[in-house]
Amino acid sequence: MTAALARPIHLRYAAPSELAAAPLHSSVRLSLDSARGPVGVRGTLRDAALFRDAMAALATILESDLRYKGRDRTAYLAYLMKKGKKATAAIWEAQKAFLESAYGDDAASAKQGDPSPAKPAGALDPVLTVHPDEVSIEVFSRDESAYARLAFSSDLFEGREAAHGTAFVDLSPRIVEQIDRLRVYTRVELDAGASRAGAAALIERSLEVPATWLRGFLQVQSAATLPAVSCELAPIDLYNALFVLRTRKAKKPPRGLRFELVPGKPPRLILEPWETLLECHGPPYEGPPRVVRTFGRQRLLALSRLLPHVKSARAELRGPGLPVFWVLDLGRATLTVALTGWTDSSWASAASFDALMPRGEARAALDALAGRQLALLRERGPLPLAALAAGGGAEDARAALQLECLRGRVLYDVARRVYRPRELFAEPVDEREIRYSSPREAAAHRLLAAPGAVRPTKVHEIAGEGTEIHGEVADREAHRDFSPRFTMDLEGRVSDAWCSCPTFRRSGLREGPCEHMIALRVAYARERAEKDALRQTAEGRSLIRAETRTYVRREASGAEVVYRVSLDDRVVHLSWGTRGKEDPRHQRIWFDTDAEARDAYFKRLDALTSSGFVDADASSA
């Protein structure tokens, strides 16, 4: 199957969103897409300051874009041309054309004072859903790396009137600026979806939403349904983390936020690469011991505006490469933010999205189960997984609901831990259309479908740099074998990639990774997941011949002791020491057989666990 084309969307607004202000009264009027039928909510806000600050934080996430932007060098090139330097008119015109295509529409709209400036290509307007118990607004950032869902409880409204349903909402920079200047000491009314008499002519806009944008948005929805390790933080803990991020700038990797989770103790936060330790003040962590490294922490600065309203914060940590969910309890509102480890839906996300897709052999059974669960949600409203899985298996129920999330018909509310019906479009999304982000990714999965065609051959751990992965790919259509390789750095990003195929030899990575690199990336992720599952059993341990695990323990003084144990056939290599304070000590032990070495290796790991060490490789989000 080839990559999906863009999805055409036609939006119709009766009028632009606006703020009508009077000396003793203000009305926030949000315009909704009229094509979705009667949807809306109206009422007086009991806490206007909370509404103002929450909407400002939501808009910050919506407009965030951390992708690299090149500088505008057109004026400098013009100067060089006047001086007779080597700067051709073709280069100048090419740069002008690029900048005009990238920023011309936004700049032109801003100069003309357009109340609803043109959106960047592929970006949908925020999604507003009116539920029986709350009103939520969902946004997805420009760089496709951050998702946020702001939910206002019905208790926030006095005299609430609502029509349940889902529609797109006009949240232009103009209305956001007006809400930011809202006078919260006066009576404030929210009117979302009301048709206003004497409004301007109908505002219509047609969009072509690429499959990559839709894929990233629904990927977050699907990832939210997976089991997670969660920990509670106090508001001061979030403040401390944001203070360090605002006052310090990391100049080298890794740039992660590390969680140390020890049962019976409050979580600890470590900010890399400074190894700044923050002792948290929330409730004790209940669960298995974990050390989890997360990325995307710089986007947490968007939450600064909400610090005065935060009652508690919860971090939900899922599998490697999957988004990290932050849930802020704001009293009469909750904000759920999902942060990915990349600033674009690039091939770095291919492996994690692959884990979310249902396999072909389970399609028919999942379709039937998903249809029954969707009907139940429409009839009874928000339900937890236990209620939806009654009479069946929880894993089957979760897989079916995950499929409905990919279709855009179900939303998992991470804050309340319930599933909600939410129709993103009038017609469901075919999850097979967003399966692949490009034709090369589709070709990569064609290679993966052939048994034994893609296999990692060498995996090298490079101290302080990352992991180097080599592989062999048998392309039966090309009747040739190729040898891709790449390096994953400490932040999970792919660099230093190479392949023996003609595509890479012709253009390198300028046209993106070839299908052989993508196939190797996905195959490595699948193999790692299988090994992690197998190593929990005696049969799986007997198959392990080479492996490296890192264990850590935090001392009372705050120092972190790191113990690294490696198994390489008949050799066990030990390395230990205090992080950042001394050079690690080393010990290498040889055994007569690989079975003896493997037995000694796992005994050493068990001894470290009993001594209070935590496996740092168990989870990395």
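Cysteine 231 is buried, at 2% relative accessibility. Buried means under 20% relative accessible area, exposed over 50%, and partly exposed in between, with a 1.4 Å probe and protein chains only. The closest cysteine sulfur to that of cysteine 231 belongs to cysteine 280, 7.3 Å away, so the gap is too far for a bond.

This is a predicted model: local features need pLDDT of at least 70, side-chain atom pairs count only at pLDDT 80 or more, and totals for chains, interfaces and linings use all residues. Residues are numbered from 1 along each chain as its sequence is written, and side-chain values use heavy atoms, without hydrogens and water.

Cysteine 499 is also buried, at 0% relative accessibility. Its closest cysteine sulfur is in cysteine 501, at 3.6 Å, and that too is too far for a bond. A disulfide is a pair of cysteine sulfur atoms within 2.5 Å. The structure holds zero of them.

Now turn to the strands. Helices (H or I, at least four residues) and strands (E, at least two) are DSSP runs, numbered from the N terminus. Two strands pair if DSSP finds at least two bridges between them. Strands S2 (residues 18–22) and S3 (residues 25–30) run antiparallel, joined by five bridges. Two residues lie between them in a hairpin. Glutamate 18 faces arginine 29 of S3.

Further along is an open sheet of five strands, ordered S30-S29-S28-S27-S31, with antiparallel pairing. Its edge strands, S30 (585–590) and S31 (614–615), each pair on one side only. Two bridges link S27 (residues 546–554) to S31. Valine 552 has valine 614 in S31 as its bridge partner.
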